[in-house]
Amino acid sequence: MDDLQFRRAILADPKSTETDNAELLAALLEDPAKKQFAQEINLLDEKIKQALNIPVPDNLCDKLILRQTLASHQVQKRKTRVHLALAASVAILGGLLFNFMQFSSAYTSLGDYALAHVYHEETYFANNSKDRVTLTSLNQKMAAFDGNFNESLGKLLFADYCRFDGMKSLHLVFQGKTSPVTVFVVPKNDQLNFTAKFDDNNLYGESLGFKHANVIIVGDKNESLEQWQQNISSNIAWTI
Amino acid sequence: MMTKQVRYEALVKALHGDLYRYAYWLCHEKQVAEDLVQETFLRAWRALDSLKDEKAAKSWLITILRRENARRFERKRFEMSEYEEATITDTKAISNEQNIENDWLREKIAQLPPEYSEPLVLQVLGGFSGDDIANMLNLNKNTVMTRLFRARNQLKDALAAEPKTKGVYNG
């Protein structure tokens, strides 16, 4: 190994004298000048190493861990925000669905609903009940529908507002021949189809369309609904 | 099984010093070096799962740091000052002869062209072999060895002409 080669090898990697590069080691043993050169360069390397070893800021380590902790915390926060948004969307959908189920009408016609309503409240009213509602209090209630009864239609057992498929309506119960006769005064709306006549096994009913409201009469088969219809038509007066 | 967090903290503790020094010799500014190290470790955290071999951690981090440093130049770069970069190295610790020499040598190293100083730092500080350095810098081994040779040769020559005192020569 000539001098130049040796110098190149040592300068390129002073540590190579520590490895078992036979050629290099032989050259070292052969020539004291080479050995000295290697030692000098090793010394230089030591100096270089010390020079390169600049002080590291004390808190750098902590800073690094802190930044990472903050960064991963932010990622987590972003994730929880997404989860929250998903949960909110599901909740809103659920709410809408519930609303839809709750308030959309299960009945398609006035008649069907009227019959269901009557059956639902059948037990509350007895035909021989002694309760009476006066014409004045009836007309007070009718005022909400801009209507007025000129004279009493019969024995009025009950008169009050009630929900008729979500609409505010007037529910009247009269004494009938064998069972109570129910009269609904319902504001006009498009949700339920107007059915002039309807019936089932026990009850039947008729609807009267007035300008402001529909009047629905439901009674059992013994009742002459035509009579009732006529009475109502001639008795009722709409204010506007 | 270590958690990701524990692995990360171990990595930071073991290697942040080496990485900071490497960054410093890459950019010659303390603040920039610190930022680079921070960016590097943040990236390392995100990609920690891709680090399979813990032994390769150091070269992996240095590769990230070099990319990060290159990215610094892609962005708009503001000139920090008109001073020569070499003159703003650490000049505070002047207490003994060793430090004076260190200072002086630091200046010389900082004045080396980056393509010479980088392999030198990797070899002396990082303890990497010529093959490793060649891999990291995408050079072939002969080129790396030549640059190492030239770097040391320049430093040796400079050292031979070293002035014995430091500072301003007044009368």
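This is a predicted model: local features need pLDDT of at least 70, side-chain atom pairs count only at pLDDT 80 or more; totals for chains, interfaces and linings use all residues.
- Chain A has an open sheet of 6 strands, and reading across it gives the order β2-β3-β4-β7-β6-β5.
- The pairing in this sheet is antiparallel.
- At the edges you will find β2 (156-164) and β5 (197-199) of chain A, each with a single partner strand, so one side of each has no neighbour in the sheet.
- Going from one strand to the next, the twist averages 20 degrees.
- As background, strands of a sheet pair through backbone hydrogen bonds, in either a parallel or an antiparallel way.

**Two hairpins to trace**

- Start at β5(A), which forms a hairpin with β6(A), leaving 3 residues between them.
- These two strands pair in the antiparallel sense over 3 bridges.
- Within this pair, look for Asp199(A), which stands opposite Tyr204(A) of β6(A).
- Now carry on from β6(A): another hairpin leads through 3 residues to β7(A).
- Here β6 (residues 203-209) and β7 (residues 213-220) of chain A run antiparallel and are joined by 7 bridges.

- Helix α7 (residues 225-235) of chain A lies across β4, β6 and β7 of chain A, at about 25 degrees to β6(A).

- Helix α3 (residues 32-52) of chain A has 21 residues.
- From first C-alpha to last, α3(A) reaches 30 Å, close to the 30 Å expected at 1.5 Å a residue.
- Which residues of α3(A) are buried? They are Ala38(A), Ile41(A), Asp45(A), Ile48(A), Ala51(A) and Leu52(A).
- Looking down the axis of α3(A), the buried residues fall within an arc of 135 degrees, so they line one face of the helix.
- On the other side of α3(A), the exposed residues are Pro32(A), Gln36(A), Leu43(A) and Glu46(A).

**Where chain B meets chain A**

- In this contact, 34 residues of chain B meet 25 residues of chain A.
- On the chain B side, α1 (4-27), α2 (30-46), α4 (97-111), α5 (114-124) and α7 (141-160) each supply at least two residues.
- The largest share of that side, 10 residues, comes from α1(B).
- Sorted by class, the side of chain B that touches chain A has 19 nonpolar, 6 polar and 9 charged residues.

- Arg7(B) is found in helix α1 of chain B.
- Is Arg7(B) buried, exposed or partly exposed? Arg7(B) is partly exposed, because 17 other C-beta atoms lie within 10 Å.
- Arg7(B) and Trp45(B) are 38 residues apart in sequence, while their C-alpha atoms are 9.5 Å apart in space.

Definitions and conventions
Residues are numbered from 1 along each chain as its sequence is written. Chains are lettered from A and ligands numbered from 1 in the order in which they are written. Two residues are in contact if their C-beta atoms, placed from the backbone, lie within 7 Å. Helices (H or I, at least four residues) and strands (E, at least two) are DSSP runs, numbered from the N terminus. Ala, Val, Leu, Ile, Met, Phe, Trp, Tyr, Cys and Pro count as nonpolar, Asp, Glu, Lys and Arg as charged, and the others, Gly among them, as polar. Two strands pair if DSSP finds at least two bridges between them. Axes are lines fitted to C-alpha atoms, for helices over the stretch in contact, and angles run from 0 to 180 degrees between N-to-C directions. The expected span of a helix is 1.5 Å times one less than its number of residues. A residue is buried if 20 or more other C-beta atoms lie within 10 Å of its own, exposed if 12 or fewer, and partly exposed in between; C-beta atoms are placed from the backbone. The arc is that of the directions from the helix axis to the C-beta atoms.
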